[in-house]
Structures are given as C-alpha cells and as structure tokens.
Amino acid sequence: MAKEADDKLSKIVSLAKRRGFVFQSSEIYGGLSGMWDYGPLGAELVHNIKDLWWKHFVYEEENMYPLQTTTIMPEAVWKASGHLEGFADPMVSCEKCKRRFRKDQVGEMCPECGGAFGEEKLFNLLFPLSMGSTEGGGDKAYLRGEVAQGMFVNFKNVLDTMRPTLPFGIAQIGKAYRNEIAPRDFLFRVREFDLMEFEYFVKEEEWKEYFTKWKDRMWEWIDRVGIARESVHELEVGENDRAHYSKRTVDFEFDYPFGRKELYGLAYRTDYDLQKHMAASGVDLHYTDPVSGEKFVPHVIEPTFGLGRTLLAVLLSAYEEDELGGEKRLVLKLKPALAPVKAAIFPLLRNKPELWSKAREVFVQIKKEIPQVVWDDNGNIGKRYRRQDEIGTPSCVTIDFQTLEEDTVTVRNRDTGEQERVKVGDLVAHLKKSLS
Ligand code: ATP
C-alpha cells in the first residue's frame, strides 16, 4: 500500500513535468528547495482554479469585497499581528550532520545520519528583508506569511469607501511566503505559494452560525473543484495546536499518498487582529451599526485555501489508469471547468489538403468562441487521443471524409471514449454544453 501510494505521487510528479504542468523553479541552475513553477498547462489550470474559487466564494455571495494587497509589509504589521512571536515551528538540528528538521516530523534521532539532536528551538517562518538604500539596512519589512493581514490593515479603507454592512467579507488571492524548515512532498510544503482566502466579518454573537455556513460552503467547493470527497476529513484542532489568533479551528485534511494532512483551514479569529492593529496603529477600527448606531469591533471567520495543495489534491483525485477499447491509458478526469484545454481539433489525416483546410476552418471558428482549444495533426488518431486524455481534455473533434460530404464531425468523450457525430454548425453549442 505504502509503495502504491508512493508510486502514485511519483507518477503525478512525472506527468506534471512531462506535460508542462509543474517545473522545478530555476531548474537549469539546480533548482531552489521548496519552489515550483507552473508550466503552460499548469498556469492555465491554476488560472481556472482561481476563477472557479472567485466565482464560488465572491461572485455567488452578496457581500464580498475583493482586495489585492502587497506581498511586502512593514515590521509593525507583523509585530502587531503576533507573527513575529507566534509564527514559528519547533526546530531541532542534528549535532552530527547539522541538518535541521521540524520537531513534529522526526523521531528521537536524525533520520539522515542517526546523530543526536541539540536543543529544541523555535524557528520563525517569516522571511525578513530590508528595504531602501540606506546604509545598514533601511526599513525592516517582511514577505507576508499570510494574506489576511492585508485585509485587516485595509479594513477601515474598505469601510470608508464601500460602506458595507455586516456580515461581509474581504477576499484576496495572492502569494504568501514561509521559510519552512523542511520543504517536502512536491507542492504540499513549499516556501512560496498562493493563498485563496477571505475574512468574513460578523457580530460576535453570530460567529457560530457563520462558522457552520462557511464549513458547508467549503464542502460544496470540494465537490465543485473535483476533489474526491471521501478523501477529505474534518479535524477539530485542539487548543494547543491552534494558531495564536484562533478560538476554534477546523482543518480539512486530505489523504495524500504521504499521509492524511491539511488541505484547507477554517478559523474563528475573533476580533484578535483588528484589536491588535487598533492598539498598535492608534487608528479607530470600530464598525458602526447603521440602524442602532452601536459601535463595535467585528469578529472574523476565515476560510483559507492553499492553491498548490488544491492543485495536488485535484490531480490526485482526477488521475486514473484504465482501459478503453482494450487499450491501457492514463487519463486525468478533471472537471471541465478546470481542464486547461477544452477541446482538441484533429484532421483525420494531415496530408490531404482538402481535409486539412476544412479542419483549420473548423478550428478557427471554434477558437473564436472557446479560446482554450488546440490543434493536433501529429501521429495517428489513437495517439492524439492518449495525449489529450493525459492532460484532461474533455472533448476531441475529428474532421474526416464524411465531414467533407455532410458537414458533420465526430466528437469523442474523454471519460467514456464514445463518439458522436455533430453538425459543424452545432459544434460550438455542443462543446459549450459539455463544459458547463
Ligand atoms: P501546516 O500545519 O501544514 O504547516 P498551517 O496550519 O500553518 O499548515 P495555515 O496557516 O492554516 O497552515 O495556512 C493556510 C493554508 O495555506 C493551508 O490550509 C494550506 O492549504 C496552505 N499552506 C500552508 N503552508 C503551506 C506550505 N508551506 N506550502 C503550501 N501550502 C501551504
């Protein structure tokens, strides 16, 4: 079982590399630990995941306000938020080989050389930097360890400009950076990653109601993005394991090949952050109820979604090796909304000019309406199908001799392998229907 699981991860890693989903960052220079780049298909997949998330959590809600804030923020923010002190993992170093490990990931001895560990220390995960050209440093700042602080420090700006009424959310998708002690497991634990996140501001007495609401919406998201529901488990995080700002946390854990580990988090952050920023900055961060005139500091529910972990869970859920028409194949059963390529267009043969130019005509016509289509006239049709199955393309369209006679094409379904004949005039509508 362990071996099978290991195999599945290495198969995904190799597919991701081979087909242009994920590359090691700065690979030609030997790479950088805990950093990954998205290739042409990965970048499109990421784009589609973000779009779907935005649709699900921003557009389909009434009271969500988008925000995009900087990834570098001054020391004062991280001091006030408690991250300078509390955003740390326990670390041990091997006295013999000097390697460093996260205490909770190792046993009593060094897993590399069997040496003894020195004293346990807390290792802060924020990346420090100094800004400006002043000799000796300039202004001290940090790459953000979470995007949430961007929402808190702009809380008053959003209140003043948008006049939202409670409950409302502020949503953001963007990069976060953590100087992880031991990056590992492909996209799971990295040092630079995208977060999709919102802070939902409520009256204190309503926090439980909204905690439940967002927990339910998170499950709907899991179905919608195509993560296998049976591989996801809620974990009530105990008091000692919760982040410093949280009064209740539920983790959504996923059965990765390397174990059951966090995919998403849902936290009740109370009014902790707004209170801290109000005290440290001296700026009034109260909300005034428009009806009663009551002034108070709202409480916060925060659902948070790592993009890389989403992508990994999506790939693991979609990956299948099956048999179609007696032939083994590898297929990514991605939700059509996520598929980087929506349809592939093939001329049956590449050396028949009449066929080829009809196929180009069909391709150009579809591309106008569905931009994420590709052209492939390389190799036999069977090989072309395999190539598209591997990257999760929902439909393949073939232009053949019958097309020239009756203006119909075959549309082949990725999951069933079934083919149907569709009129060229109906093709765009047909493909769009299968994408919805
Ligand atoms: P862990 O316990 O795995 O270190 P965490 O509890 O510190 O995670 P949160 O602070 O809740 O994680 O981070 C929010 C989300 O960001 C997580 O649910 C996860 O999806 C993602 N995430 C956190 N750390 C990493 C990382 N090093 N690499 C990739 N994604 C991450």
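Entry 1, ground rules. I am working with a predicted model, where local features need pLDDT of at least 70, side-chain atom pairs count only at pLDDT 80 or more, and totals for chains, interfaces and linings use all residues. Residues are numbered from 1 along each chain as its sequence is written, and side-chain values use heavy atoms, with hydrogens and water left out.

I looked up the 16 residues around the ligand, and E180, R189, V190, E262 and L263 come nearest. A residue is near a molecule if one of its heavy atoms lies within 4 Å of it. By class, I found seven nonpolar, three polar and six charged residues in the shell. Nonpolar means Ala, Val, Leu, Ile, Met, Phe, Trp, Tyr, Cys and Pro; charged means Asp, Glu, Lys and Arg; the others, Gly among them, are polar.

An N or O atom in the side chain of E180 is 2.8 Å from a nitrogen atom of the ligand. For R189, a side-chain N or O atom is 2.9 Å from a ligand oxygen atom. A polar side-chain atom of E262 lies 2.6 Å from an oxygen atom of the ligand.

Entry 4, R269. I placed R269 in strand β14, strands being DSSP runs (E, at least two residues) numbered from the N terminus. Strand β14 also gives the shell around the ligand its largest share, four residues. R269 is buried, with a relative accessible area of 0%; buried means under 20%, with a 1.4 Å probe and protein chains only. Its side chain makes polar contacts with the side chains of D273 (3.0 Å) and E302 (2.7 Å). A polar contact is a pair of N or O atoms within 3.5 Å; within protein, one must be able to donate a hydrogen and the other to accept it, and residues adjacent in sequence count only if both atoms are side-chain atoms.

Note on methods. Buried means under 20% relative accessible area, exposed over 50%, partly exposed in between (1.4 Å probe, protein chains only).
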